[in-house]
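This report is written for a reader meeting the structure for the first time.

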4 protein chains.
Amino acid sequence: MSRPTQPSSDGTSRGETRTRDRQRTTRQILDAALIEFSSHGFGGARVDAIAERSGASKPMIYSYFGDKDALYEAALRDAYVQIREGERELDLETLSPVESIASLVRFTLLHYRQNPWFIRMLNTENLRGGRTVRLIADAAAIQSPLIERLGGVLARGRKSGEFRGGVTPVELYVSIASLCYFPISNAHTLRAVFGCSIDDAWLSKHEQDTIRMILGYLTPGPEQQENSQERAT
Amino acid sequence: MSRPTQPSSDGTSRGETRTRDRQRTTRQILDAALIEFSSHGFGGARVDAIAERSGASKPMIYSYFGDKDALYEAALRDAYVQIREGERELDLETLSPVESIASLVRFTLLHYRQNPWFIRMLNTENLRGGRTVRLIADAAAIQSPLIERLGGVLARGRKSGEFRGGVTPVELYVSIASLCYFPISNAHTLRAVFGCSIDDAWLSKHEQDTIRMILGYLTPGPEQQENSQERAT
Amino acid sequence: MSRPTQPSSDGTSRGETRTRDRQRTTRQILDAALIEFSSHGFGGARVDAIAERSGASKPMIYSYFGDKDALYEAALRDAYVQIREGERELDLETLSPVESIASLVRFTLLHYRQNPWFIRMLNTENLRGGRTVRLIADAAAIQSPLIERLGGVLARGRKSGEFRGGVTPVELYVSIASLCYFPISNAHTLRAVFGCSIDDAWLSKHEQDTIRMILGYLTPGPEQQENSQERAT
Amino acid sequence: MSRPTQPSSDGTSRGETRTRDRQRTTRQILDAALIEFSSHGFGGARVDAIAERSGASKPMIYSYFGDKDALYEAALRDAYVQIREGERELDLETLSPVESIASLVRFTLLHYRQNPWFIRMLNTENLRGGRTVRLIADAAAIQSPLIERLGGVLARGRKSGEFRGGVTPVELYVSIASLCYFPISNAHTLRAVFGCSIDDAWLSKHEQDTIRMILGYLTPGPEQQENSQERAT
DNA sequence: TATGAATGAGTATTCATTCAT
DNA sequence: AATGAATGAATACTCATTCAT
């Protein structure tokens, strides 16, 4: 029943073509899965919809990935892989420490805006209690080298006297991510409750504010504010 | 199973127990719905599970609320109502401006930690594109008077010279919420990707950092940082 | 809990009032049931709808009638009772035989048109295989004295030479009923399939045709037509 | 269970069995649906029962037809299609006008007796107010070419002097259908109320009576009867 | 290998019927 | 006696998954 495939004219062998087809199909399925899972959450996602959008048949999806959970896992991992690839374009090594931080903020915000499905996948996964990310946490792809690079920036800044000590890269990055993630992730409820529309202008302003906040936090300065609550208690 | 209802002292009679039972049942259904929807998202939530957890029968749920969508809407609204009630306990009027801000940060973080289902409901709703919150946005319950009160704090701070101008209460609140929301909302993925466990200690430290960041942002100061990127560009 | 009812001012005693109330409620339930059953069939009828339309509570309906089947049975019997009452107004004794027949046709058609729920109840019951009408067939109310009276008309007509013999009243009545029932019962499908709208004008014409057909059938005449098929076979 | 399918001789290959199975399954579902809907009405029909009787699974039914309404629509349309197919066997062109009419009556009665579900489907649909037949009325299948053919018979009869004028084919057909439909449709209630059992013998006699009535109605004759009521008024 | 077709096990929702007052 | 409230048992419909080819 398998139709005879004559050797492809571009020099690839039959096996290679198959491999390439398989990769292409896998890619299409993952893209469709990312859209579907990030649009409707895990429970609301439909394998049918993924099949239709990807152009692959359902048995194919099952044969490639196993079941819905496994497909979700693959999609989540792929989400991280794509994001990590994006992060590689970020330059934290040649800019000045201050500029590196500003650049990181700008990049993070832009990244979230350009890949809204990523935020949605993270929301979905956290709603699920992280049960899947835990499974794939050991895989190298998911861990971000960003922390290490950010550690370098902090060290440089401390050495140059621009930054104070006592700030870990993880804490710093979580703060940056928080400020970039939340307004985009929660745009709908923010608009409904506070009447603010999180559009380009709003986010541009927010970008400035965030940079100011983060740099203010890193600056050595007179350090009066952080004692405020100690006095209060 | 029927708890002893002491005779009502306010003159209401008969029907009273029915009413009270209805209220109690409604409450139980809403509680169960909040747990279910915030645990599994809308698509993954099961009306059966809500019935079982609440102790109400399914027909009762449908008779009280209509359908799954309406039940979700009621639960979402209730989530906001509960949060608004919590916010009333917050004192932003008698404390000093700086202390008010610190207090708001502490309160927000505590609030999110103590009511994790709230964060999860917001995530769920935003995953749905906010289609339900839009429906109930006009209800008084949902809009927060917090913004107005925060505006008062900012005004007082500006008058006393502690705060600079040019900061709107919404922007400020979004930043505070961002910093408090994200680490809790995304605790699972953060742990998997950055290896940090968002526990009490972590959050205590984060609370300090957040207060420092926010106050640093509000302080007039030499204003060098916020120009950094202008130099860069 | 039963409120004291002072003796009614119109001379009826408490017991009588209760009896009268019960009768009135029963009547209202039956009316609502006739509408509901004849509108939606047995399977499509909703006890809730009957309760709402009748103004009676569902437990009352169940206490009065038993269950849905029994209620249907009562409604069906009532349909026949009402129809029989209507038939009493028909005069088949004083008019001439020919006029009696014409009058019966006119009456039957009018009757069906004025009580469309009756046709629908009959359709419903026949769809059910007559399982209920069989139960109540023994009750006097349901059997029609019409056949007997029609027998008298036929006898008179035969005696006067206007009608031929060999026609039983049941056969005759079935033919009349057929011609009156079908166009009304099947008005919707007739319109869809044959494009004819069964309105007043159409039915007036049909009334004439029916009378002509029936009388032609009863008239002694040269009797050529009815042999036609014997020749054919 | 799979009947042996001989290799198709018309050049179609593969997919053929699938198609044929689909057609066969569709047929079985429609048959089961006709039985179920005509036995219990729309509201009383159970999709489960149709699945069981047809041997198809419920999801298959839904995948083939859509939902219960659509299945009902398909069944109703199919009922008409089958009936129209039956009518094609009827010869109204070569027989004499009188014989044609007699033949049509005999055919109609036989048809109704042999396909009792057809009458029941019509009853069901009319009980529903014809809302579905209206949807499919435009489909060619449903409209009967019978009327046209009957018009031809009437014309021939008028030309030969056997039939009078002033009779439209629709009116005539409705009368014939009435006389054939009602005794079968209402057999159950007729038996209960008038004690007559509508069996083969009864219907044979009724067939004769109907032919007599219809032909009497068509015959030119002295035309005395139809004036009777004018005298009465 | 690839896929149209098929289904077991749900899932939201309804309804006849009964309880508690 | 009368009814608002409650529910067991369906009922229409769906979906992740597998079969047959």
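## Chain A

Chain A has 12 helices and 0 strands, so that its pattern, read along the sequence, is α-α-α-α-α-α-α-α-α-α-α-α. The model is a predicted one, and everything that follows should be read with that in mind.

Of the 233 residues of chain A, 39% count as buried. Among the contacts in chain A that join residues at least 6 apart in sequence, 64% are between residues at least 24 apart.

## A helix pair in chain C

In chain C, the axes of helix α5 (residues 97-114) and helix α11 (residues 200-218) come within 10 Å and cross at roughly 140°. The crossing in which α5(C) passes α11(C) is right-handed.

On the side of α5(C), the residues that meet α11(C) are Val98(C), Ile101(C), Ala102(C), Val105(C), Arg106(C), Leu109(C) and Arg113(C). Their counterparts in α11(C) are Leu203(C), Glu207(C), Thr210(C), Ile211(C), Ile214(C), Leu215(C) and Leu218(C). By class, the contact of α5(C) with α11(C) divides into 10 nonpolar, 1 polar and 3 charged residues.

## Chain B against chain A

The contact between these two chains takes 58 residues from chain B and 57 residues from chain A. On the side of chain B that touches chain A, at least two residues each are supplied by α1 (16-44), α5 (97-114), α6 (116-127), α7 (131-136), α9 (169-185), α10 (187-194), α11 (200-218) and α12 (228-232) of chain B. The largest share of that side, 11 residues, comes from α9(B), and the residues of the side divide into 26 nonpolar, 24 polar and 8 charged.

## Chain D against chain C

Here the contact takes 58 residues from chain D and 57 residues from chain C. Among the elements of chain D that each supply at least two residues of the side touching chain C are α5 (97-114), α6 (116-127) and α10 (187-194). α9(D) gives the largest share of this side, 11 residues, and the side as a whole divides into 26 nonpolar, 24 polar and 8 charged residues.

How are the two copies placed relative to each other? A rotation of 179° with 0.1 Å of shift along its axis superposes chain D on chain C, with an RMSD of 0.2 Å. That is the relation of a two-fold axis. Because 98% of the interface residues of chain D are also interface residues in chain C, the copies meet through the same surface.

By class, the surface near DNA strand E has 13 nonpolar, 6 polar and 16 charged residues.

DNA strand F likewise has 35 residues around it, and those that come nearest are Ser57(B), Pro59(B), Pro59(C), Pro59(D) and Lys68(D). Elements that each supply at least two residues of the surface near DNA strand F include α2 (47-54) and α3 (58-65) of chain A, α3 (58-65) of chain C and α2 (47-54) of chain D. The residues of this surface divide into 14 nonpolar, 5 polar and 16 charged.

Technical notes:
Residues are numbered from 1 along each chain as its sequence is written. Chains are lettered from A and ligands numbered from 1 in the order in which they are written. This is a predicted model: local features need pLDDT of at least 70, side-chain atom pairs count only at pLDDT 80 or more; totals for chains, interfaces and linings use all residues. Two residues are in contact if their C-beta atoms, placed from the backbone, lie within 7 Å. Helices (H or I, at least four residues) and strands (E, at least two) are DSSP runs, numbered from the N terminus. Ala, Val, Leu, Ile, Met, Phe, Trp, Tyr, Cys and Pro count as nonpolar, Asp, Glu, Lys and Arg as charged, and the others, Gly among them, as polar. A residue is near a molecule or strand if its C-beta atom, placed from the backbone, lies within 6 Å of it. Copies are superposed by least squares on the C-alpha atoms of residues with pLDDT of at least 70 in both. A residue is buried if 20 or more other C-beta atoms lie within 10 Å of its own, exposed if 12 or fewer, and partly exposed in between; C-beta atoms are placed from the backbone. Axes are lines fitted to C-alpha atoms, for helices over the stretch in contact, and angles run from 0 to 180 degrees between N-to-C directions. A crossing is left-handed if the near helix is turned anticlockwise from the far one by less than a right angle, and right-handed if clockwise.
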